[in-house]
Amino acid sequence: MNDAVQTRTWRRFTPAQRLARFTAYLAIVAAVVVSIRTIEVIPEFLSDAPEQIADLLSRMWPIDFAYYPQGVHAALMETIHIASLGTLLSLMLALPVGVLAAHNLCPFAPVNLLAKLVLVSSRSVNSLVWALLFVGIFGPGALAGTLAIAFRSIGFVGKLFGEALEETSTGPIEALDAAGAPWASRLAFGYWPQVKPAFWSIALFRWDINVRESAVLGLVGAGGIGMTLDSALNLFQWNRVATILAAIFAIVILAEVVVTFVRKRIL
């Protein structure tokens, strides 16, 4: 046999795919270069950063633990209350919106689009921006922080809850529908048992996030420990700043432990 044996070389990507990958890498590198030039990094400040950090830490030490009972504890408890009430309020507001956003429960396109617009609008605005808005309306204090947490959380809770409703099995729903069950009964006995684990996971996870976010809302006057931190920073009381930061770190860790424990007990 004189037929030439033609060897075939295996390549992971086609020429078009390699070109697309090269274009994507080039675009990423160009974006990084443009970003670095835009933010105007000053090399002198960057090289001096370790010394500044060491100086700041030396000012914070030793930590003024004696300041905690009189200046930190009440503000820390207010932060937890802001996070808890804000999460509860967001659940009350987000669940109806999530139901309207689920196309299998509400098969009306205009209503679905309106509900999704509400969810997107809530998520697109940062908690600090919501806090600034409510501080301007209601004045400084915990009320502004609670509403900021609630309105920020609506989009998160409503979107995930709506997606959980859309992923439910149709078997129990069809059985209830064939039995002549009304819409409320289908929702309570067909959908809710299927999305109940997802709902509790979403609620606990959002509360954990809100504890972290509510700790900084006080920087714009929305109550909580952030206001105490802002006052200590403005007065250059670095020992007290260290105490406040340690308290925030401890409460975040504690919230994580609580969420993990409750999630194991419920789910």
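In the predicted model, the protein chain carries 19 positive and 17 negative side chains. The centres of these two sets lie 9 Å apart. The accessible surface of the protein chain amounts to about 16,800 Å², and carbon and sulfur atoms account for 69% of this area.

The secondary structure of the protein chain consists of ten helices, with zero strands, and the order of elements from the N terminus is accordingly α-α-α-α-α-α-α-α-α-α. The radius of gyration is 26 Å, whereas the globule rule gives 18 Å for 267 residues; the computed value is well over that figure, so the protein chain is more spread out than a compact globule. Along the principal axes, the C-alpha atoms fill a box of roughly 85 × 75 × 35 Å.

Of the 267 residues, 34% count as buried. Among contacts in the protein chain with a separation of 6 or more, 73% are made by residues 24 or more positions apart.

When neighbours within four places in sequence are left aside, Asp 208 is in contact with Ala 255, Glu 256 and Val 259.

Terms used. Residues are numbered from 1 along each chain as its sequence is written. This is a predicted model: local features need pLDDT of at least 70, side-chain atom pairs count only at pLDDT 80 or more; totals for chains, interfaces and linings use all residues. Side-chain values use heavy atoms; hydrogens and water are left out. Helices (H or I, at least four residues) and strands (E, at least two) are DSSP runs, numbered from the N terminus. The radius of gyration is taken over C-alpha atoms; the globule rule is 2.2 Å times the number of residues to the power 0.38. Buried means under 20% relative accessible area, exposed over 50%, partly exposed in between (1.4 Å probe, protein chains only). Contact means heavy atoms within 4.5 Å. Accessible areas come from the Shrake-Rupley method with a 1.4 Å probe; for residues, only the protein chains shown count as cover. Lys and Arg count as positive and Asp and Glu as negative; His and the chain ends are not counted. The place of a charge is taken as NZ of Lys, CZ of Arg, CG of Asp or CD of Glu.
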